[in-house]
Amino acid sequence: HILAGEEEIKEAFYAFSHLGCDEQMWDVEGKEIDPHVVRKFLALYPDYFSEHVLGQDVRLTLRVPNPAVEKVEAKILLETLENIPRSTDAARLFYGRDVTPIFEIILPMTTTAKCINRIYQYYHTYIYKRQYLPLGDHDITTRDWVGEFSPSHIDVIPLFEDVPTMLNVANIVKEYIADKPITDQRVFLARSDTAMNYGLLSAALANKIALAQLDDLSARTGVRIYPILGLGSSPFRGGLSPDTVARIGAEYPSVVTFTIQSAFKFDYPPDKVRAACQYLKSRVIPQRAKPIDVPKASSIIERYSQKYRK
């Protein structure tokens, strides 16, 4: 079933207003993008978004194609980045003040720091800074002509989806943040699809090694790192459901954001889903991930993955 654009708007609003989710991943991978999503949210649900500021109280985070992998979809990335300043204009008009509704995007299938860096640099150099370029007889700048381009930069959240890259996550993130004035960085680890490709045990251990690595990186660099974990509801895909939030929260203590998939949202009574979402939002998050014996876990991953993939 392919969700039409308006249906996706309704589903996202339902997740915000009825289930208590505070962020919606808006997928522009492999589908016709809706360049007016922010304007539609504000126009269709003005009362809700007047009280819940988009970009502050609730978030809309775009997942874009990765040009290194998805060549046919590559230019959709550029279209998506072009629409970010226009979303800011729509929010400014709605709220009557400066509000940035979209300020970060998710890059799937990240394997190198260059993948993340290209998006960060492209937006700042070719979208934000072009407002200062003169036009025609140098009597006017692009900004004077069509208005301000904002925000000045976007944060890029790398999504790591394969086990070898996940085991190298600290080096990739360290390289990306090294030359930027970044104090906070979100990092997204896949669990659901990783299990499909490498087996349940490999996916779970790789996630835990990556989380421990990110903890160490944060301690070394002083950059606050906020892990996101993408779990499905079936045990094989991670086992996150309204019945298991306390256990999963304890198993991954350093994870700040858990993604909830369709089964979590729609296979349980709304009251139960709301309570589970509230638990995940309000749980106390320790500073550290659980320690793990990396050499031993890596050895298990290697042997288990080989058998599973065979």
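Glutamate 23 is partly exposed, with a relative accessible area of 21% (buried means under 20%, exposed over 50%, partly exposed in between, using a 1.4 Å probe and protein chains only). This is a predicted model, in which local features need pLDDT of at least 70 and side-chain atom pairs count only at pLDDT 80 or more, while totals for chains, interfaces and linings use all residues. Residues are numbered from 1 along each chain as its sequence is written, and side-chain values use heavy atoms, leaving out hydrogens and water.

Let's stay with glutamate 23: its partner in a salt bridge is arginine 186, with the closest N and O atoms 2.7 Å apart (a salt bridge is a side-chain nitrogen of Lys or Arg within 4 Å of a carboxyl oxygen of Asp or Glu). The pair links distant parts of the chain, 163 residues apart, with glutamate 23 in strand β1 and arginine 186 in strand β7 (strands are DSSP runs of E, at least two residues, and helices are runs of H or I, at least four, numbered from the N terminus). Arginine 186 counts as buried, at 10% relative accessibility. Both belong to a network of salt bridges that links Glu23, Arg59, Glu104 and Arg186.

Now look at helix α1, where lysine 10 and glutamate 7 are three residues apart and so separated by about one helical turn. Their side chains meet in a salt bridge of 3.7 Å, N to O. Lysine 10 is partly exposed at 46%, and glutamate 7 is partly exposed at 38%.

Finally, step back: the whole structure holds 19 salt bridges, and the protein chain has 14 helices and nine strands.
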